[in-house]
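Me: I would like to go through this model term by term, setting each value against its cut-off. Please look at it first.

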Amino acid sequence: MPRELAGNGIAKRVYTLAPEANMDEIKLEGYMKAGRALARTREKVKSWVRPNLKYTELVRLVEEDLVSQGVKPSFPTNVDVNDVAAHYTPGLDDHLVIPEASIVKVDLGSHLDGLIADSAITVSLSTELDELVTAAEEALSAALKVVAPGVRINEVGRVVEKVLDSYGLQPISNLTGHSIGYYELHGDVSIPNVYVDWDLGRFQLDGVYAIEPFVTFQGRPARVVDSVPGGIYIVKKNRRIKDEDAARLLAEINARFKGLPFAERWLTDVLPRPRLEAALRKLISEGILYEYATLVEVGSRPVAQAEHTFIVTKDGPLVTTIV
Ligand code: MN
Ligand code: MN
C-alpha cells in the first residue's frame, strides 16, 4: 500500500538532486506528475473492481481517469484474474466479467511526454486470498527499503523471498521488475523476485525502475507459462510495408505510441473495423508487430502482484507512484 510506504519514511522525505545528477528538475517533475496521477487512478481501482464488472468497463474507467488528469496511458491497462499473472487486456468484442471470489490484478501505466510510471494493485474478492495481497505489498515495501545507489539488483530477490517465506508463500520466479527509460517501458535491467547468485548489476543514481513481486501459494516451484494472445501489441521491427492499410496503421502506431505497448481499442478511429483487424494481422505476420501472450501460473494457482515505480536518489528510492 502506498500509504504504508510513506509511513515507513520512504516517500515523505525531501529529496535533493546530487550535483552530478543527469536527472534535471524538469524531468523529475514530469516523472512525479505521471506517477502521482497514476497513483490517484490506482486508488480508485479498489472501489471500481466488483463481481460482474466487464473488463472493458474497468479499463475504460482507468484510462479515462488518467487522460482526465492530463497524462496518457503508457500501456494498455492489464486485467489479470486468478491464475492469469500478466499481459491480458480486453479486446474489442471482449465479454469477460470479474468473477465472484476472484483475485484481480490491475496493472496500469501513465506517461507525460515519455516519462513513464508503472504500478499495479491487486484486489481480493475472497478472504482466502487476502493474504496473497498483503504479502505482495509487504514484499514490495521491504524491497524498496534496500534500494540505494550501488546496491546490487539481486538484493531485491533476496528480500522478496524472505518476506514471502515468512507468510508461507512464494514469488513467481520468471516475472521480474525492470528499469524504465524515455518512451521505454522495459529497459535493459531486470529485477528478479527470487535470489540469483550471478551479477545483475547495481542500482544507478538517477535510474528509474519498477519493482513488482508476484506471489502465489507454496508447493511446486512457481512460474508462468505462455497462454493465449492477450491483446497487447508492440512494434518489434519498423520497416516499409506495401499494403496500404497496414502502412497507414503502422504510421499511426509509431506517431501515437512511440515504441510503447498499445491495444486495438486505441486505433478504432484509424480504419473501419474489418480493415483494422486485417492490417493488424498483416503487421504481425510480417514480423513488424509483436502480440504478447498472457502469462498463466503453471500450477493454475491464484496470483497477487504489487508494483511501484521509483527514481534512485542519493537518499534512497523516490517512489513516484504514490498519491
Ligand atoms: Mn506494471
Ligand atoms: Mn512493470
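Reply: E307 is buried, with a relative accessible area of 1%. Buried stands for under 20% relative accessible area, exposed for over 50% and partly exposed for what is in between, with a 1.4 Å probe and protein chains only. This is a predicted model, in which local features need pLDDT of at least 70, side-chain atom pairs count only at pLDDT 80 or more, and totals for chains, interfaces and linings use all residues. Residues are numbered from 1 along each chain as its sequence is written, chains are lettered from A and ligands numbered from 1 in the order in which they are written, and side-chain values use heavy atoms, with hydrogens and water left out.

Me: Which atoms are the protein donors of the manganese ion (ligand 2)?

Reply: They are D118 (OD), H178 (NE2), E212 (OE) and E307 (OE), lying 2.1 to 2.2 Å from the manganese ion (ligand 2). Their residues follow the spacing D-x59-H-x33-E-x94-E. D118 lies in strand β5 (residues 115-124) and E212 in the loop between β9 (208-211) and β10 (214-217), so this pair ties together parts that are 94 residues apart in sequence.

Me: Why are D118 and E212 called buried?

Reply: D118 has a relative accessible area of 3% and E212 one of 6%. Both values are under 20%, so both residues are buried.

Me: What is meant by the largest pocket, and how much space lies in it?

Reply: On a 1 Å grid over the protein atoms alone, a pocket is an open set of points where a 1.4 Å probe fits, with protein on both sides within 12 Å along at least five of seven lines; a lining residue has an atom within 4 Å of a point. Grid points are joined across faces, edges and corners, and a volume is the space filled by probe spheres set on the points. By that count, about 380 Å³ of space lies in the largest pocket. Its lining has 23 residues, and H87, T176, H178, H186 and E212 lie nearest its centre. Strand β7 (residues 176-179) gives the most to this lining, with 3 residues.

Me: How do you know that the largest pocket lies between the domains?

Reply: Domain 1 (3-228 + 300-319) and domain 2 (231-292) both give residues to its lining, so the pocket lies between them. The bounds come from an automatic or database domain assignment. The domain centres, taken over C-alpha atoms, are separated by 27 Å. Contact means heavy atoms within 4.5 Å, and 19 residues of domain 1 are in contact with 16 residues of domain 2.

Me: What is listed for H87?

Reply: H87 lies in the loop between β3 and β4. Neighbours within four places in sequence aside, its contacts include G230, I232 and Y292. H87 and G230 are 5.8 Å apart in space, C-alpha to C-alpha, and 143 residues apart in sequence. Phi of H87 is near 75 degrees, a positive value in a residue other than glycine.

Me: Is K236 buried or exposed?

Reply: K236 has a relative accessible area of 54%, which is over 50%, so K236 is exposed. This residue is found in the loop between β11 (224-235) and α6 (244-257).

Methods. Helices (H or I, at least four residues) and strands (E, at least two) are DSSP runs, numbered from the N terminus. Donors are N, O and S atoms within 2.8 Å of the metal (3.2 Å for Na, K and Ca); water is not among the atoms, so sites may look incomplete.
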